[in-house]
Amino acid sequence: MRLPATGLNFDTFVVLDDGVFMHRYDRKDVRIASPLLITQMITDEDDHSVRSRLEYKQHADVKQVLLDADALKPIRVLDLIKFGIEADPRYKEELSICLQKMRAVAPVLATYSTLGWHRDADQLVFQHHERKGLTVSVGASYNGNLEIAPHGTFDAWCAFARQQLVGSLGLEIVLGAAVAAMVSAYAQLALPDLDVGSAIVSLTDESSTGKTTAVSAAMSIFGLAKPGASGSLFRTFNATGKAIVANAESLFGVPLALDELGAHGDSQLTEIVYALTNGYSRERLSETSKLEQARGFSTWTLSTGEISLRNRLAKASGLAVRLFELTGVPLTKSAAHAECIKGFVAENYGTVAPELALKLLNDGPDEVREHYQQAIADLRLDSDDPLIPRLTKQVASILMGVRLLNQVCQLGIDDASVIVGLKELISKSLKFANPAKDQYLQFVSWVETHKNAFGVNGAPAVSRGTVYGSIWNQANDTIVQLAEPVFNQIVAELGLSTPKTLLKRWKHEGLTVTESNRVWWRDSKKRLYARIKI
């Protein structure tokens, strides 16, 4: 086999089929290395590093290796021997000069490792497997570790979504939440006065309810979404906070999916959620100076798990406007439906995101602003709670995502039903966004931890030991009932306020079930119970 080109001269050096030679005018040319050639110089626009693609002949094969800039220095050039390249140690200085001359005339390939929105000169572009802009030529390629190159076709993905994803409100909201990452990041750069931020959407329910399938479907808009697979956007983490944040730092408009985020300890979980929703990590989250510099990023995170993140973050209520929990929302219709979705998105992904980005670019900032204002108006609740505007603005990004996907892919999603579902999401989040509810969340977390010691919907408790009370579903609420002495004991163990004070506050927030003029509920024998919505 031959190198891409031989017989090439680089001043006093020439590449031939049998080696690299150096001209010596008064003596015979000397062979300084086996056949090799730098065929490309690769520049990274994110970290400004330079690498060289070196192709070399080894027996009958032509192989290649990427070298960093230091590899061409005289002190390092003999390290090429480890690749099977022959290099005469007497001429390491000359070989270094030869390689640098090759690099100087090699074609340049610009690359990037960050995904999402990026300013290129005076215009906004979207970096995916290639760079999308209104006037920009491709001119650069992705060199990161995520598998985002398109598989399948845009039309095939849209047709499948119309048949298998549309009609499930839960799936539609999750799809919108994934696209919200792109929409909100665009607004952060093009419409900073809107003050649109990032958020986490947590799918919390028992196993085998379609959580992982729903997130995989949504993430397939952007790339490979097989949980835990190499290069997947859907990560199954048993990792430290800094590892999770490191994966998010390369994203500015592309979502991140995490499985079992709630498996982390309370303190680390708070730090992770803080970083993911604020776009930078606090210093104590990182152990390296690189992360301590708190580089900015922008992503929406889709999380799956059986543990409620909201209840776990009971003492970090300030994060409540950035955390939305989908619980008990229908996702997949059956196990067969879930398998159908998983099978399709495993082979069809990465085709939709570039089209969505191009639509936003064509719409432009003024039209996107109008769409945001309309989405906020459509989601407005009849309430004077001061947190409503902030919550509504966050959820408006999901509605924007649904509408963008609906328009570009012509999915036929029922806009009115999505609005109803998102208003319900705002209402539920509002119950937990008030700092005064910290103690309520601690109580709910305690109930969840000891749920086996409660009777559920008339069935006896699983635990054969202490039984604390009962839990049942009523309309859209889940209610826990505890006798007065039991409730008082739990409150004391948790170190909360006095039982009566707690019940007064919770009643004011609509979190208890009782008579209008009492904080306790009384049965026919006038025994007192705490009845609390969880």
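This passage describes the overall build of a predicted protein model and then some of its strands and helices. Residues are numbered from 1 along each chain as its sequence is written, and side-chain values rest on heavy atoms, with hydrogens and water left out. Because the model is predicted, local features need pLDDT of at least 70 and side-chain atom pairs count only at pLDDT 80 or more, whereas totals for chains, interfaces and linings use all residues.

The protein contains 16 helices and 23 strands, where helices (H or I, at least four residues) and strands (E, at least two) are DSSP runs numbered from the N terminus. Along the principal axes, its C-alpha atoms fill a box of roughly 115 × 50 × 45 Å. Of the 534 residues in the protein, 50% are buried, a term that means under 20% relative accessible area, with exposed meaning over 50% and partly exposed lying in between (1.4 Å probe, protein chains only). Among the contacts (heavy atoms within 4.5 Å) with a separation of 6 or more, 63% are between residues 24 or more positions apart.

Turning to the strands, five of them form an open sheet in the order 19-20-21-23-22, and the pairing is mixed; two strands are said to pair if DSSP finds at least two bridges between them. The edges of this sheet are strand 19 (454–456) and strand 22 (521–522), each of which pairs on one side only. Strand 19 runs parallel to strand 20 (residues 469–474) and is joined to it by three bridges, with phenylalanine 454 having glycine 469 of strand 20 as its bridge partner. Helix 15 (residues 484–494) lies across strand 21 (477–483) and strand 23 (528–533), and it runs at about 100 degrees to strand 21, the angle being taken from 0 to 180 degrees between N-to-C directions of axes fitted to C-alpha atoms, for helices over the stretch in contact.

Glutamine 442 and aspartate 384 are 58 residues apart in sequence and 26 Å apart in space, C-alpha to C-alpha.
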